Amino acid sequence: MPKWSHIYIFLGVFFLSVFLTNPALADEELSISETAQKYLGASYLTDGQEPSEGFSTGGLVQYVFKEAKGVELPLYPREQFKLGINVDKGDLQPGDLVFFKGANTDNVTSVGIYNGNNEMIISSVSKGVIKTELTEGGYYNDKYIGAKRLDTDNIYQVESPLLKEAMKYIGVDYSDSGKTPDEGFNSAGFVQYVFEQALNLKIPDNSSEQWSLGQNISKENLQPGDVLFFKNLDTDYITTTSFYLGNGQMIYSSPSKGITLANFEDSSYWNDRFYGAKRIEEVADIDRGDPLITEALKYIGVPYLEGGKTPNGFDCSGFTKYVYEKAMGIYLPGAPEQQWEVGTPVEKKDIQVGDLVFFQDTHRPGISHVGIYAGNNQMIQASRTDTAQVRINYLSYNFYTEKFAGIRRVRNLIIPKNIPVVKEATDLLNVPYQSGGTSPQGFDTGGFVQYVYKQVGINLPRYGKDMLQNGTEVKEEDLQPGDLVFFESTSIIPAIYVGNGQIAVVSRNDGVQIVNYKVSSYWNPIYYGARHINIGE
């Protein structure tokens with residue numbers, strides 16, 4: 001074969017490949033009216049939305065706009081008539097929508113796509129998809145209601161930044177727990193994501209907490225961008241949130257369709273379930289300036305761990321105990337029901353930042369969960385559910401309103417370190433247990449108490465049974481910080497009272513620690529007595 005023949009073959013293959021792989025050259029984008037003509041002859045089907053099954057009038061328009069312009073229209077003509085701008089019949093252009101009323105009603109019942117030259121393409125009940133003149137036989141002319149021109153870059157003519165953002169995700173899949181476009185969305189996750197992307201507002205990720213935000217809006221005063229809430233008819237719990245588009249439409253994440261549009265105004269289904277609407281323009285933050293909340297926020301995202309008491313993992317009461325110790329030097333008991341017992345009851349109307357919020361009958365009967373109130377109806381907690389980590393939640397969440405038990409204030413449980421014995425005792429916290437220990441390298445129970453009192457000039461005997469012979473007897477109800485408290489086990493165990501039912505004592509497992517003996521199932525039953533030692537003697 002001559003050399004030039006190879007060159008021609010190469011160039012031919014090259015240009016053919018470029019042509020076939022370049023959509024702009026291979027197939028120019030069809031207009032709306034040109035796309036509609038592809039389906040001439042398709043059969044009619046009530047509510048039909050596919051060429052293979054047939055089209056209703058609205059179904060044909062919906063399918064053509066989706067194929068030609070990638071935009072999603074509502075299915076029914078009456079909803080499509082709410083879109084776009086009005087066009088006079090004399091100013092019609094190809095791609096405009098033309099609307100008609102029914103035989104026995106003045107309401108919109110059918111729609112066609114204007115094709116130019118007084119022609120339209122419409123799905124006829126008797127003939128399927130046809131091309132026909134607007135004035136043919138007077139049928140369509142007599143029933144003509146009006147025409148609309150749609151801006152396919154902004155079908156709903158939305159100005160709200162929330163709606164502009166929301167419309168980007170039409171067609172994204174539904175996911176039960178989804179909060180991003182990649183994983184899919186549930187309804188609340190979709191609303192949360194759009195608010196953050198459009199307005200940089202961080203709102204909760206569940207419907208009942210989202211209801212806590214914003215201003216109540218009546219149906220009559222709805223504006224595009226307002227958030228609609230719908231309930232489960234059996235439970236009255238809020239289960240679905242959506243954005244109001246205007247003209248009776250909303251956009252939300254549907255379990256069957258993903259992000260889609262729905263008619264809210266004319267739907268008995270949605271109206272029966274309507275709970276209310278909110279206009280959310282700002283989100284009140286928690287009190288980040290409070291030292292307790294500042295400390296709590298350091299552990300956001302720490303995983304939930306049953307029995308966890310450190311930043312490696314927390315359970316609910318381990319978290320509250322740790323935060324109070326670090327931020328305020330307050331030593332709470334280790335279980336939620338014990339923390340409930342030591343606090344001062346507070347009415348809901350009087351709640352303050354830092355109060356403990358308690359819940360009952362969650363994963364077990366009785367007081368079983370606790371969080372720290374952080375302001376603006378929010379709490380910080382180590383949650384065992386959902387993401388199973390330290391997180392911020394609204395108290396209006398369905399689960400928490402149902403399980404709410406009450407509020408306790410514990411900020412007053414400050415240890416009085418101005419009392420010398422108490423200060424010396426608490427300065428030795430976490431010194432390990434050591435059998436026979438009498439120094440800060442390690443203590444047993446008697447060695448600890450003897451050492452502390454020696455630092456303030458008092459020489460006590462070595463063991464608890466002998467310490468009982470010192471000072472004067474004190475009734476339990478008259479205990480004062482610095483008094484000696486005794487417990488009877490296999491021997492007499494001495495401890496130092498530090499106020500509010502708390503003692504400084506040595507434990508084999510934890511060394512020197514603060515314990516609230518009043519609520520302790522171990523220490524309370526073995527309380528033996530108390531003695532007051534006069535430091536001035």
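Colleague: What makes β31 stand out in the lining of the largest pocket?

Modeller: Its share: β31 gives the most to that lining, with five residues. Keep in mind that this is a predicted model.

Colleague: And what makes something a lining residue here?

Modeller: An atom within 4 Å of a pocket point, so a residue that meets that cut-off is counted. The space comes to about 1,300 Å³, and 41 residues line it, with V506, S507, D510, Q513 and V515 closest to the centre. Elements giving two or more residues include α12 (316–328), α16 (445–455) and β30 (502–507). By class, the lining has 17 nonpolar, 16 polar and eight charged residues.

Colleague: How do you know that β3 and β8 pair?

Modeller: Pairing takes at least two bridges, and β3 (residues 85–87) and β8 (residues 144–149) have three, so they qualify. The sense is antiparallel, and one of the contacts is I85 with R149 as its bridge partner in β8.

Colleague: How do you know that the reach of α4 is close to what is expected?

Modeller: α4 (residues 57–69) has 13 residues, for which 1.5 Å a residue gives an expected 18 Å, and its first-to-last C-alpha reach is 18 Å. After α4 comes G70, with a positive phi near 70 degrees.

Note on methods: Residues numbered from 1 in each chain as written. Predicted model: local features only at pLDDT ≥ 70, side-chain atom pairs only at ≥ 80, totals over all residues. Heavy atoms only, no water. Helix = DSSP H or I, 4+ residues; strand = E, 2+ residues; numbered from the N terminus. 1 Å grid on protein atoms, 1.4 Å probe; cavity = no way out; pocket = protein on both sides within 12 Å on 5 of 7 lines; lining within 4 Å. Points joined across faces, edges and corners; volume = space filled by probe spheres on them. Nonpolar A, V, L, I, M, F, W, Y, C, P; charged D, E, K, R; others polar. Expected span 1.5 Å × (residues − 1).
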